[in-house]
Amino acid sequence: MSAVPGGHDHYFVPEPSPYPILLAGAIFLLGLGAAFLVNSITLGWAPLAGGGGLVAYVLYRWFGRVIGETRAGAYGLQEDRAFRWGMMWFITSEVVFFASLFGVLFYERNIAIPWLASFSDAHSPLSTYAPWPTFHAAWPSGGPAGKPFATVSPWGIPALNTLILLSSGVTITWAHAGLRAGNRGRLGWGLALTILLGATFLVLQAREFAHAYGELGLTLSSGVYGATFFILTGFHGLHVTVGAIMLSAVLARAIKGDFTPQDHFGFEAASWYWHFVDVVWLMLFVFVYWL
Amino acid sequence: MSATEHTADSPPRGITRWLYATNHKDIGKMYLLFGIAMFLVGGLLAELIRAELLTPTMRVLSPEAYDQVITVHGLVMVFGALMPITAGLANYLIPIMVGAPDMALPRLNNWGFWLLPPAAILLVMPWGLKLIGIGSGTIDAGWTMYAPLSIQSGPGADFAFIAVLLLGLSSTMASINIIVTIINQRAPGMTMMKVPVFVWSWLITALLLIAVFPALMAGVIMLVGDRHFGTHFFSAAGGGDPVLWEHIFWFFGHPEVYILLLPTAGIMPHILATFARKPIYGYKAQVYSFCLIGVLSVVVWAHHMFTSGMPTAANIYFMLSTMAISVPVAVLFFCWFGTLWRGAMSFETPMLFALGYIVLFGIGGLTGLVLSDAAADQQYHNTYFLVAHFHYALFGGPIMGVIAGIYYYLPKVTGRMYSETIGRWHFWLCFIGFNVTFMPQFLLGVAGMPRRIPDYALQFSHLNMISSISAFVLGASQLLMVYNIVRCIRGEGERASDQVWTGARGLEFTLPSPPPFHTFQTPPVVN
């Protein structure tokens, strides 16, 4: 019997598991509820709430199972590598998602708006077809039929939020160094600080949204500026929330005594995700708020 | 740990074997059966389209229902039939071909599969809702879901968009799993330049899926925003642009063509080599071609938009880059011919379908070159020429390819030989039926018959009638395959040997037919 590189004589193949199909069913309910609700069928709340609860329950049990298998020593180096590659490619798909949203921002700003405005140019042969002859290219723009709005200044809450997320990148690295050095205290405090910074970020971001809606007149329907602003910052905020939940789970495990200085992929996966969210924010700060 | 004891060669009993599956062969079989069932559903919708087009005037469907039927036909065939069938082949074959016990992430694998039936249900559910008075039926904006049509469309569109999100999640998870399996689970000695061509083709396919599907997911989220949340991504009133949707869709949609095509281009050399009784010609050339096709396919998308209104420079760039793709594709054809050259060929059903693939996909590719010319495309774009080209490229290519693959591996998977006579009948009816269905559509297109319109002028009657009658034959011939598959699953027919085909090579043909539940409990050593 030859050994798998990594010291296992046997490959690990998990037992049949109910969680995947349950999770798929839960997501079906979520989707069904959402499709009903956007079409004003209020009955949609039931599948939406049920699906949401089931997603949370299944994820809890599924990850719990994986953590149990980790503790029981079921995984060898090969499984560890599979998890690492898996997380890496998952983050890659997320990068593509955000890259598409940034692509939309660049397209609207640099192609769609100037093109629409080019019809208004009196010298253009197309000017007789101009649907909005007085529209001129500018950024920010709510489009030819948009209501006026003001934009969020980058040097208020956004700059502060940049500082907060960058510091959280430092604290999580500090926690990681603590874990590797066997310093459990630093691990716990570093994680707690990171989560606290993430939560502060989210609170400030929520205040900024309220400010935009309440005082600046900047809403989802403020033309392409409002649409791109809220879809980019909104999905980023969602990802910060998911990252903070991941880190909280990691903190709970750390308090229970999980992770060794050598073997702590759960921690690393969450921290990769956190760094990814951090980098997306830097792009957001530059391209959405600043430039 | 009990989990490690479960490597014994006994599948779990009962329905939970399938619902809770973590075994790559079981999940692969579910993908295949689901895909074939959806192939029949999509085929039935196609027959409805051809029934409407059999004669001029509206007889079978209302115009609204026609739009919905062509939309769902497209979505079901692409996402419900072809992708699951190729994913099923990947699941079944890749672990065996690289000498792994299973996929790298078996539970994730099952999740990826079980997201598909909910997506299919969401897609067709609006038809059911219409019966109880909710909405106007399912999405009717075409499988490309162009804005502003898809924004003005009824509630069925939201169900379709959410189905696309589920499909995207499913494909992303399946792709992650396949990439990790290929990178990480290869047996000792199985270097990347030794893995079978099929594995390489799926590696590129999975990378493409990860590179483009999230963009479509972002896109449908924006469509829902425009429909219900007051955003103006695709509306000029707010400074947006409907053409942006076309960019997003085709940034996904063009690579999608290669996502469907590459796995079958990967199976092709295996089948050709087996029945020509020669080794695969040009392994490295094919691998590099796959890589090049993968790279080029993400930078040519706007050749689908020559008539949408783009700057001339963009038209020229997309025209030339599209034509460049024919180079690596031609290399693949060259390697297939090289494999056949002076081989001791025999013509069993898989070989017939493989040769049919070369011919039909060849026609699809060459007519694609016609359409890639930005000037000529102005003439052909919204006509049946494009419909015919598309079906030569996607039925003639991937569908012929997966049918070849299904016949090739059916004896291995079930342990029984299918009926060769019925297989050959299937091929000839399918091959002739296909050509007689779609060849007239080239002529209709050149004569100016517009696509996507349920009625047509009288001068197009004869060719449409030929096309429709032949389409019924084409559709009915697929039932012969279903019969053959059912027969093998029921354990009728001769027992298949381990090698199945006298010329077959590769790890999968060193195993018993059917292979044990868990193939490799300890890794095989590859020299």
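The place of Pro140(A) is the loop that runs between helix H3 (77-118) and helix H4 (157-180) of chain A, helices and strands being DSSP runs (H or I, at least four residues, for helices; E, at least two, for strands) numbered from the N terminus. Trp139(A) and Pro140(A) are joined by a cis peptide bond, with omega at about 0°. The model is predicted, so that local features need pLDDT of at least 70 and side-chain atom pairs count only at pLDDT 80 or more, while totals for chains, interfaces and linings use all residues. Residues are numbered from 1 along each chain as its sequence is written, and chains are lettered from A and ligands numbered from 1 in the order in which they are written.

Chain A contains seven helices and zero strands, and its pattern along the sequence reads α-α-α-α-α-α-α. The C-alpha atoms of chain A occupy a box of roughly 80 × 40 × 40 Å along the principal axes. The radius of gyration of chain A is 24 Å, whereas a compact globule of 291 residues would have one near 19 Å; the radius is taken over C-alpha atoms, and the globule rule is 2.2 Å times the number of residues to the power 0.38. Of the 291 residues in chain A, 38% are buried. A residue is termed buried if 20 or more other C-beta atoms, placed from the backbone, lie within 10 Å of its own, exposed if 12 or fewer do, and partly exposed in between. Among contacts in chain A between residues at least 6 apart in sequence, 68% link residues at least 24 apart, a contact requiring C-beta atoms, placed from the backbone, within 7 Å. Chain A is assigned domain 1 (13-74) and domain 2 (77-290), with bounds that come from an automatic or database domain assignment. The centres of these domains of chain A, taken over C-alpha atoms, are 25 Å apart.

The contact between the chains involves 68 residues from chain B and 62 residues from chain A. On the side of chain B that touches chain A, the elements giving two or more residues include helix H5 (106-114), helix H6 (116-131), helix H8 (156-184) and helix H9 (197-228). H8(B) provides the largest share of that side, eleven residues. By class, the side of chain B that touches chain A comprises 42 nonpolar, 21 polar and five charged residues. Here Ala, Val, Leu, Ile, Met, Phe, Trp, Tyr, Cys and Pro count as nonpolar, Asp, Glu, Lys and Arg as charged, and the others, Gly among them, as polar.

Met173(B) lies in helix H8 of chain B and counts as buried because it has 23 C-beta neighbours inside 10 Å. Apart from its neighbours within four places in sequence, Met173(B) is in contact with Leu108(B), Trp111(B) and Gly112(B). The C-alpha atoms of Met173(B) and Leu209(B) are separated by 9.9 Å, at 36 residues apart along the chain.

Helix H11 (residues 283-297) of chain B packs with helix H10 (residues 242-276) of chain B at an angle of about 170°, their axes lying 10 Å apart. H10(B) is therefore roughly antiparallel to H11(B). Axes are lines fitted to C-alpha atoms, for helices over the stretch in contact, and angles run from 0 to 180 degrees between N-to-C directions; those under 35 degrees count as roughly parallel, over 145 as roughly antiparallel, 65 to 115 as roughly perpendicular and the rest as oblique. Residues making the contact include His254(B), Tyr258(B) and Leu262(B) of H10(B) and Phe290(B) and Ile293(B) of H11(B). The residues of this contact of H10(B) with H11(B) divide into six nonpolar, three polar and no charged.

H9(B) and H11(B) pack at an angle of about 10°, with axes 10 Å apart, and H9(B) is therefore roughly parallel to H11(B). Among the residues in contact are Trp200(B), Ile204(B) and Leu208(B) of H9(B) and Val287(B), Phe290(B) and Gly294(B) of H11(B). The contact of H9(B) with H11(B) has nine nonpolar, four polar and no charged residues.

Backbone features of chain B were also examined. The peptide bond from Ala147(B) to Pro148(B) is cis, with omega near 0°; Pro148(B) lies in the loop between H6 and helix H7 (149-152) of chain B. Arg277(B), in the loop between H10 and H11 of chain B, has a phi near 55°, a positive value in a residue other than glycine. With 15 C-beta neighbours inside 10 Å, Arg277(B) counts as partly exposed. Arg342(B) likewise has a phi near 55° and lies in the loop between helix H12 (312-340) and helix H13 (349-372) of chain B. Arg342(B) is exposed, with 8 other C-beta atoms within 10 Å.

Terms used
Two residues are in contact if their C-beta atoms, placed from the backbone, lie within 7 Å.
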